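Visitor: I have a structure on my screen and would like to learn how to read it. Where do we begin?

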Amino acid sequence: MCLLMRPDQIIKYKLFSIQEALRALWQASFPDTDLSGLVSEQWKDMGWQGPNPSTDFRGCGFVSLENLLFFARTYPASYNRILFKQEGMRSAWEYPFAVAGINVSFMLIQMLDLYSAKPKSLPGVNFLKILSEDEAAFDVLYCIAFQMMDAQWLAMRASYLQFKEVIHATRIQLERELSLDDIHRIRDLPAYNLLYK
């Protein structure tokens, strides 16, 4: 997996078409509900902005869809807790799940300085060391970051208008964790345990 490319050029170990990945994501998210079509109002139930989710990938590319699919397949209990807002006191105006997932991918790409040939930040440098030992590290970090974002959302008792603040607070917390001296594997991150609560 090469992450030192523009996010829209990232090709990971899974080769899916967008259509196949969207169908797989729907099946992982709503296994008992048939999807009426790739363009459908049903996508709004998952937090896409409109009936055609492929239009939401402009800012981050296909990597965000792959991140969501990895999360759904690898940590289904954690994924479902967030998708279905099963924990905590929730705001009347919640963040849209899928769009939040795209924002988490974008935040990670920026934070880790993945647009550059070589990251300049300590979290980015440390992450590349982790990635060299674990090709799934970016996907797992995404799952951790999404879980952290949701925990931050609940701690701040946020509403949709505060989403930017929540993402910023999540980024700061994640940067701190990736800057710790004793982080050698993704499992060493203190927030890793959020995936199993």
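**A guided reading**

Guide: Of the protein's 197 residues, 49% count as buried. Keep in mind that this is a predicted model.

Visitor: How many helices and strands does the protein have?

Guide: Count the elements before you look at side chains. Here there are seven helices and zero strands. Read along the sequence, the pattern is α-α-α-α-α-α-α.

Visitor: What share of the contacts with a separation of 6 or more is between residues 24 or more positions apart?

Guide: Look at how far apart the partners sit in sequence. In this protein that share is 67%.

Visitor: Which residues touch the most other members of the largest nonpolar core?

Guide: To read a core, start with its members, then ask where they come from. This core has 62 residues, and M46, L108 and F146 touch the most other members. The elements that give it two or more residues are α1 (18-29), α2 (62-74), α3 (76-83), α4 (97-111), α5 (122-133), α6 (137-156) and α7 (163-178). The largest share, 12 residues, comes from α6.

Visitor: What is L108 in contact with, beyond its neighbours within four places in sequence?

Guide: Its partners there are F138, L141, Y142, A145 and L174.

Visitor: Why does L195 count as buried?

Guide: Relative accessibility decides, and the cut-off is under 20%. L195 has 4%, so this residue counts as buried. L195 lies in the segment after α7.

Visitor: What does L195 touch, not counting residues up to four places away in sequence?

Guide: L195 touches F71, Y75, S78, R81, V140, C143, I144 and Q147. Take S78 from that list. The C-alpha atoms of L195 and S78 are separated by 5.7 Å, yet the two residues are 117 apart along the chain.

Visitor: Now the rings. How many aromatic pairs are there?

Guide: For each pair, check the ring centres and then the planes. The count comes to 16 aromatic pairs. Take Y75 and Y196: their ring centres are 5.8 Å apart and their planes are at 80°, so the pair is edge-to-face. This pair links distant parts of the chain, 121 residues apart: Y75 is in the loop between α2 and α3, and Y196 is in the segment after α7.

Visitor: Are Y75 and Y196 buried or exposed?

Guide: Y75 counts as buried, because its relative accessibility is 8%. Y196 is exposed, because its relative accessible area is 53%.

Visitor: What about the rings of Y79 and F97?

Guide: Their centres are 5.2 Å apart and their planes are at 90°, so this pair is edge-to-face. Y79 lies in helix α3 and F97 in helix α4, so the pair ties together parts 18 residues apart in sequence. Both Y79 and F97 are buried.

Visitor: Which residues form one aromatic cluster?

Guide: Here, W26, F30, W43, W48 and F84 form one.

Visitor: Where does the charged end of K85 sit?

Guide: Look for a ring under the charge. The charged end of K85 sits over the ring of Y95, 3.8 Å from its centre.

Visitor: Which side chain of opposite charge is nearest to D113?

Guide: For a charged residue, look for its opposite. The nearest one to D113 is K120, 4.1 Å away. D113 is buried yet has no salt bridge. D113 is placed in the loop between α4 and α5. Not counting residues up to four places away in sequence, D113 touches K118, P119 and K120.

Notes
Residues are numbered from 1 along each chain as its sequence is written. This is a predicted model: local features need pLDDT of at least 70, side-chain atom pairs count only at pLDDT 80 or more; totals for chains, interfaces and linings use all residues. Side-chain values use heavy atoms; hydrogens and water are left out. A nonpolar core is a set of buried Ala, Val, Leu, Ile, Met, Phe, Trp, Tyr and Cys residues joined through side-chain atoms within 4.5 Å. Buried means under 20% relative accessible area, exposed over 50%, partly exposed in between (1.4 Å probe, protein chains only). Helices (H or I, at least four residues) and strands (E, at least two) are DSSP runs, numbered from the N terminus. Contact means heavy atoms within 4.5 Å. Lys and Arg count as positive and Asp and Glu as negative; His and the chain ends are not counted. A salt bridge is a side-chain nitrogen of Lys or Arg within 4 Å of a carboxyl oxygen of Asp or Glu. Rings of Phe, Tyr and Trp (its six-membered ring) pair if their centres lie within 6.5 Å; planes under 30 degrees apart count as stacked, over 60 as edge-to-face and the rest as tilted. A charge sits over a ring if NZ of Lys or CZ of Arg is within 6 Å of the ring centre and within 35 degrees of the ring normal.
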